[in-house]
Amino acid sequence: MVESSSTRILVDAGISCRETFKRVRALGGDPYSLSAVVITHEHADHVYGLVGLARKLNVPFFMTGATHQAWVRSVRDSTGERPDPARVEFFSSGRGFLIGDIEVRPFTIPHDAADPVGFTLHAEGVKIGFVTDLGYVPASVRDHLRRSDILILESNHDLEMLRGGPYPWSVKQRVMSRVGHLSNEKLAEFFARDYDGGAAFIVLAHLSEQNNHPELARSAAERALGQRRTLLENRVLLAKQSEALEPLRL
Ligand SMILES: [Zn+2]
Ligand SMILES: [Zn+2]
């Protein structure tokens, strides 16, 4: 959840409506005060709670047209019903839009979904970069993330753990591909070579429970950041699947 003084946006809806409400309340928030939900792509771990949220909240749900089509198709296939969230609003990758006083800028990321995006969110002089679900970090994504005050980035798997882990080979290949997920090692490469060092907080997110360990992700990131002496201010945090992250305030 990204909050300015007047606007609250939920990025993705991968957990159930009930659990989402519980976590918002645990942070002292009111889920009914949400202004909008923005969706990165149609994979279940990003839209699982969408139908439930749409039933409870009379807010716009922002996604691209292709993501919407793919999502409608997958819900219809699994339940036989056509989902009908009250208010869907479409955006296009590369074109920013305003929700209240937060500007949302979506950009294309390399991932095996219909039209996946990452976001930067801008309000009150603060920039947040949010990117998960990408096989690698292309130059365009690096450009979008420059001068972010908070970076929320995928650190999906440890390559050794993935290779030796329980997934079938075809799934391992998918995860490791250019349209799969970002490994601890590839994220470390981004930190060592391309990161501008300006973020107050770096959140490692979308960690695999099977193929990663939080301390492996953290140490890979900190080692890479530590190679750059100017970056000592950066605080590295780990997002967990089971609970909300402590609020970060700027
Ligand atoms: Zn995905
Ligand atoms: Zn995902």
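This is a predicted model: local features need pLDDT of at least 70, side-chain atom pairs count only at pLDDT 80 or more; totals for chains, interfaces and linings use all residues.
Is Asp45 buried, partly exposed or exposed? Asp45 has a relative accessibility of 43%, so Asp45 counts as partly exposed. The reason is the cut-off: buried means under 20% relative accessible area and exposed means over 50%, with partly exposed in between.

For comparison, ideal angles at a metal are 109.5 degrees for four tetrahedral donors. Four donors count as tetrahedral if all angles lie between 85 and 135 degrees.

Asp133 bridges the zinc ion (ligand 2) and the zinc ion (ligand 1), and the two ions lie 3.5 Å apart. Asp133 has a relative accessibility of 1%, so Asp133 counts as buried.

Which residues coordinate the zinc ion (ligand 1)? They are His41 (NE2), His43 (ND1), His111 (NE2) and Asp133 (OD), at 2.2 to 2.4 Å. The angles subtended by these four donor atoms run from 91 to 171°, which makes the arrangement irregular. In sequence, the donor residues follow the spacing H-x1-H-x67-H-x21-D. His111 is in the loop between β7 (102-108) and β8 (117-123), and Asp133 is in the loop between β9 (126-131) and α5 (139-145), so this pair ties together parts that are 22 residues apart in sequence. With 5% relative accessibility, His111 counts as buried.

β7 and β8 run antiparallel and are joined by six bridges. Within this pairing, Thr108 has Val117 of β8 as its bridge partner, and Val104 stands opposite Leu121 in β8. Val104 also has a partner in another strand: Val104 in β7 is the bridge partner of Phe97. Phe97 is part of strand β6 (residues 97-99), which pairs with β7 in the antiparallel sense over three bridges. The hairpin of β6 and β7 has two residues between the strands, and Gly100 takes a positive phi near 55° there.

On from β8, the pattern continues with β9. These two strands run antiparallel, with five bridges between them. Leu121 stands opposite Ile128 in β9. The hairpin of β8 and β9 has two residues between the strands, and Glu124 takes a positive phi near 50° in this hairpin.

How many residues of β8 are buried? Seven of its seven residues are, so β8 is largely enclosed by the rest of the structure. Burial applies to both faces of the strand: Val117, Phe119, Leu121 and Ala123 are buried on one side, and Gly118, Thr120 and His122 on the other.

Another set of strands forms an open sheet. This sheet has five strands in the order β1-β2-β3-β4-β5, and the pairing is mixed. At its edges stand β1 (2-3) and β5 (88-90), each with a single partner strand, so one side of each is left without a neighbour in the sheet. Inside this order, strand β2 (residues 8-11) and strand β3 (residues 36-38) run parallel and are joined by three bridges. Val11 has Val38 in β3 as its bridge partner.

The last stop is a pair of helices. Two packed helices are described by the angle between their axes and the distance between the axes. Helix α8 (residues 184-193) and helix α9 (residues 214-226) pack at an angle of about 20°, with axes 8 Å apart. The two helices are therefore roughly parallel to each other. The crossing in which α8 passes α9 is right-handed.

Note on methods: Residues are numbered from 1 along each chain as its sequence is written. Chains are lettered from A and ligands numbered from 1 in the order in which they are written. Side-chain values use heavy atoms; hydrogens and water are left out. Donors are N, O and S atoms within 2.8 Å of the metal (3.2 Å for Na, K and Ca); water is not among the atoms, so sites may look incomplete. Four donors count as tetrahedral if all angles lie between 85 and 135 degrees; four count as square planar and six as octahedral if opposite donors are over 155 degrees apart and all others between 65 and 115; anything else is irregular. Helices (H or I, at least four residues) and strands (E, at least two) are DSSP runs, numbered from the N terminus. Buried means under 20% relative accessible area, exposed over 50%, partly exposed in between (1.4 Å probe, protein chains only). Two strands pair if DSSP finds at least two bridges between them. Axes are lines fitted to C-alpha atoms, for helices over the stretch in contact, and angles run from 0 to 180 degrees between N-to-C directions. Angles under 35 degrees count as roughly parallel, over 145 as roughly antiparallel, 65 to 115 as roughly perpendicular and the rest as oblique. A crossing is left-handed if the near helix is turned anticlockwise from the far one by less than a right angle, and right-handed if clockwise.
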